[in-house]
Structure formats: C-alpha cells, structure tokens
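Here is a short report for a first look at this structure. Take a moment with the sequence and the model before reading on.

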Amino acid sequence: MQDLPIPRIGRRDLFPRLQARAYLSHAAISPPSLLVERAVQEALSDYATLGVGAFPLWAERREQLRGALGRLLQVAPSLVAVTPGTTHSITQLAFGLPWRRGERVVLFRGEFPANVTPWQRAAEHFDLELDWLPLPPCRREEGASPEDPSGFVLEHLERCLRRGARLVAVSAVQFQTGLRMPLTAMAELCHRYGAELAVDGIQACGAVPLAVGDAKIDYLACGAHKWLLGVEGVGFTYVRKERAAALVPRLAGWLSHEAGEAFLVEGSGHLRYDRPFKPAPACFEGSSSNVLGLAALQASVGMLLELGVESIFDHIQGYLDLLEAGLTELGCHSVRARHPESRSCILSVQLPEGASGGAVIARLRQAGVAVSHPDGLVRFAPHFSNDLDEIPFVLEQTRRALRP
Ligand SMILES: Cc1ncc(COP(=O)(O)O)c(C=O)c1O
C-alpha cells in the first residue's frame with residue numbers, strides 16, 4: 001500500500017485536492033483526508049471481494065472504533081455506540097428516557113435545531129414541558145459579551161433548575177457564535193438539583209478538549225463530519241454508566257437484542273422475537289452499520305488521537321488570535337468570548353455596517369476562502385491542517401470582499 005504523508009499540525013499534505021486556498025468551514029463540513037479516502041476504499045474493496053465474508057472484519061473494526069472514541073472522550077468504550085449521526089443519537093436519547101408526564105426539559109434559544117427538534121417531539125409524545133433559556137448576549141446590538149459568559153449561563157440555569165427540571169439539553173459549543181459552554185459546572189449544577197445534562201458535542205469533539213467522563217456529562221451525541229474529520233451519516237452516542245440502566249430502547253432494531261444475529265449463524269431454533277435488549281448504549285446500534293462511514297471515522301479519529309486534541313486546540317487558538325486581530329482592524333465585530341475557557345475553534349464576526357453577508361461570503365469563496373454564514377454571522381473555522389501563513393491571504397481577501 002502506498003505510503004501517505006504523515007499528519008502534521010499546520011500542514012495540509014493530507015488534503016491535496018482541496019480547492020480552497022484557505023479552508024475555514026470545518027464547523028460546517030470537513031473535507032476527507034487521504035487517510036479517510038483510503039479507509040473507505042479499503043472497506044469497499046473488502047465487500048467487493050468478500051461480500052458477506054467482510055461482515056466479521058468490519059464488526060471488529062466497529063469494536064476498534066468504539067475503543068478509539070472511548071480514548072477521545074476518556075470514557076470506557078462500552079459506554080459508546082456508533083450511530084448515524086447527531087440527530088439520530090439525540091432522538092434515541094429523547095425517546096429513550098424514562099419520562100413521567102409533566103417533567104421539564106431545559107433548552108437554549110439559539111441552539112442548532114438538531115438539539116431542539118427531537119426534544120420538542122419527545123415533549124409532544126410524552127407530555128413534557130419545555131423551558132427556554134437565553135444564551136449570553138454577544139451580538140453588537142445586545143451589548144458586549146461578558147468577560148466570563150459562563151456566569152451568565154449558570155445563573156439562568158440555576159434559577160430554572162430551582163423550579164424543577166428533569167433534563168438540560170445543550171451544545172458543547174454554540175454553532176453560530178462558537179461559545180464553549182461550561183459543561184462541568186453545568187453538569188454539577190444539574191446533578192445538585194436532580195437533573196441530567198445531555199450534550200450535543202458535534203462542534204467540539206475532535207478539536208476542543210472534552211473529558212466527558214470527568215465532566216460527569218450524562219449523555220453526549222455527536223456526528224463525524226465536522227471537527228472529527230469523518231464523513232456525513234455516522235456519529236456516536238455516549239451514555240454515562242450510572243444512567244444506562246434506566247434508558248428504555250423504544251427505538252430499537254433487530255441488533256438491539258442480545259445475540260440478535262444468532263439465527264443467521266447458529267442454525268435453526270434461534271429465530272426469536274423475545275430476546276432481551278442489550279444495555280444502553282449498545283441497544284442503540286439496532287441495524288447493519290454504515291460501514292463506509294465507520295471506516296472513515298476510524299481513520300480520522302486515529303489521526304486526531306495521534307496529533308493530540310490539546311495540540312490541535314492550541315494551534316487553532318493561535319490561528320484565531322491572529323485572524324481576530326486582523327478582522328477587527330477591517331471593521332468586523334468579533335463575537336468570540338473574551339474568557340479563554342469559553343472559546344472554541346470557531347471565530348464568528350459581524351460585518352461592518354452596510355456590508356452584505358451573502359455577497360461577502362460569495363466573494364470570499366470565489367477568491368479561495370471557504371467560510372460559512374450561520375444565522376447572519378461570518379464564521380471562520382480552521383482545523384489542524386490550516387497554516388498560520390495563510391492568514392494574510394485570508395485578511396487581504398476579506399478586505400477586498402468588503403469593498404462596496
Ligand atoms: C450543533 C450542531 N448539532 C447538530 C448538527 C447536525 O448534526 P447531524 O447532521 O449529524 O444530525 C450541526 C450541524 O450541522 C450542529 O452545528
């Protein structure tokens with residue numbers, strides 16, 4: 001097999017076909033690296049040559065992927081299940097909790113809808129109440145962002161928890177502003193009031209250090225196609241050990257059962273419909289897996305573990321510090337948190353008065369700067385492969401794109 005370049009921070013040798021000169025859309029969709037392309041090709045090739053004979057090989061690879069995800073999150077692999085992505089994971093959790101009528105779920109205004117819709121559907125189905133909390137003000141018209149936004153969040157959360165709540169759902173990092181939430185303190189507060197914390201991790205996992213076990217997060221859902229550098233349509237669910245027994249596999253499938261595949265491999269007499277369910281989160285892996293997605297994710301997580309998430313995060317902070325200073329000089333208003341613990345790998349800005357976001361984004365893309373435009377902000381989201389040397393180019397193209 002051909003040797004591939006060694007992954008290195010600040011180098012994009014593993015993304016040779018990427019067209020954009022500065023790819024800053026990792027908070028949207030990441031391009032696959034050569035390692036991912038090779039792993040997907042390997043999976044395809046196994047199935048092309050072996051057919052069903054490839055199944056046990058890739059069942060083993062799924063096991064290995066759980067191990068790698070466990071290392072990434074610093075939790076036991078048995079507490080992780082591979083799923084079709086964030087929304088799917090959140091839906092299974094939202095429909096798997098042992099709800100009682102009238103229980104309250106706390107949501108934040110401004111969250112990505114993937115972390116709202118499933119809870120709304122569960123609220124409708126199980127007759128739950130939704131409580132909405134604000135996120136810290138960070139837009140120009142709402143006042144400057146506070147030095148430590150976590151104080152704002154915790155204050156509102158505690159007031160809400162005092163009224164009684166069963167569960168709080170939040171993203172580890174807010175998709176539009178990049179605000180990193182104080183998850184450890186939020187989990188501690190939730191537990192103090194008898195509530196649980198469910199986290200959408202897709203804007204953090206892979207680039208923002210997140211020791212999920214230490215933070216005592218109860219549930220975490222994540223997809224692969226952003227900071228994990230995998231592909232769309234695969235992700236994972238984490239369930240804290242203490243919470244697993246209470247989950248009900250309401251959205252289950254044939255592989256949610258213990259020995260669910262026995263009738264295919266052990267001869268007659270094993271086709272039954274009353275097998276007990278596997279414990280959560282294993283019961284969430286209810287059907288044949290997305291083998292190409294898991295091949296991609298295994299390759300990318302392996303690379304991220306090798307590079308080290310702490311080192312990746314530090315590199316991106318260095319990049320964003322320089323970029324933020326330059327964009328501010330161009331008249332943009334950064335909504336990045338001032339407090340380092342509230343920062344993530346996203347830098348979003350409001351454009352100067354009169355600039356049209358859509359037009360600026362289009363000009364930037366045309367010029368080879370791939371950025372995204374969530375909720376009216378302009379979002380710059382680099383990863384380990386972005387080189388600090390490209391920052392003057394990004395700033396020059398932004399200056400030109402802002403010209404009337
Ligand atoms: C915070 C957040 N959650 C969820 C998603 C979508 O996840 P999935 O497509 O895996 O359901 C996104 C972005 O696409 C996001 O920014």
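This is a predicted model: local features need pLDDT of at least 70, side-chain atom pairs count only at pLDDT 80 or more; totals for chains, interfaces and linings use all residues.

Residues are numbered from 1 along each chain as its sequence is written, and side-chain values use heavy atoms, without hydrogens and water.

**The helix pair**

Helix H1 spans residues 34–50, and helix H2 spans residues 55–73. Helices (H or I, at least four residues) and strands (E, at least two) are DSSP runs numbered from the N terminus. H1 and H2 pack at an angle of about 150 degrees, with axes 10 Å apart. Axes are lines fitted to C-alpha atoms, for helices over the stretch in contact, and angles run from 0 to 180 degrees between N-to-C directions. H1 and H2 are therefore roughly antiparallel (under 35 degrees is roughly parallel, over 145 roughly antiparallel, 65 to 115 roughly perpendicular, the rest oblique).

H1 brings Ala39, Glu42, Ala43, Asp46, Tyr47 and Leu50 to the contact, and H2 brings Phe55, Leu57, Trp58 and Arg61. Contact means heavy atoms within 4.5 Å. Seven of these contact residues are nonpolar, none polar and three charged. Ala, Val, Leu, Ile, Met, Phe, Trp, Tyr, Cys and Pro count as nonpolar, Asp, Glu, Lys and Arg as charged, and the others, Gly among them, as polar.

**The pockets**

A pocket is an open set of points on a 1 Å grid over the protein atoms alone, where a 1.4 Å probe fits, with protein on both sides within 12 Å along at least five of seven lines; lining residues have an atom within 4 Å of a point. Volume is the space filled by probe spheres set on the points, which are joined across faces, edges and corners.

| Pocket | Volume | Lining by class |
|---|---|---|
| Largest | about 530 Å³ | 17 nonpolar, seven polar, five charged |

Domain 1 (22–31 + 309–402) and domain 2 (53–304) both line the largest pocket, so it lies between them. Domain bounds come from an automatic or database assignment. Closest to the centre of the largest pocket are Arg180, Val208, Pro209, Leu210 and Ala211.

H2 gives the most to the second largest pocket's lining, with five residues. That lining includes Phe55, Arg62 and Lys278.

**Backbone details**

The peptide bond from Ala280 to Pro281 is cis, with omega near 5 degrees. Pro281 sits in the loop between helix H8 (262–265) and H9. Leu229, in the loop between strands E7 and E8, has a positive phi near 60 degrees.
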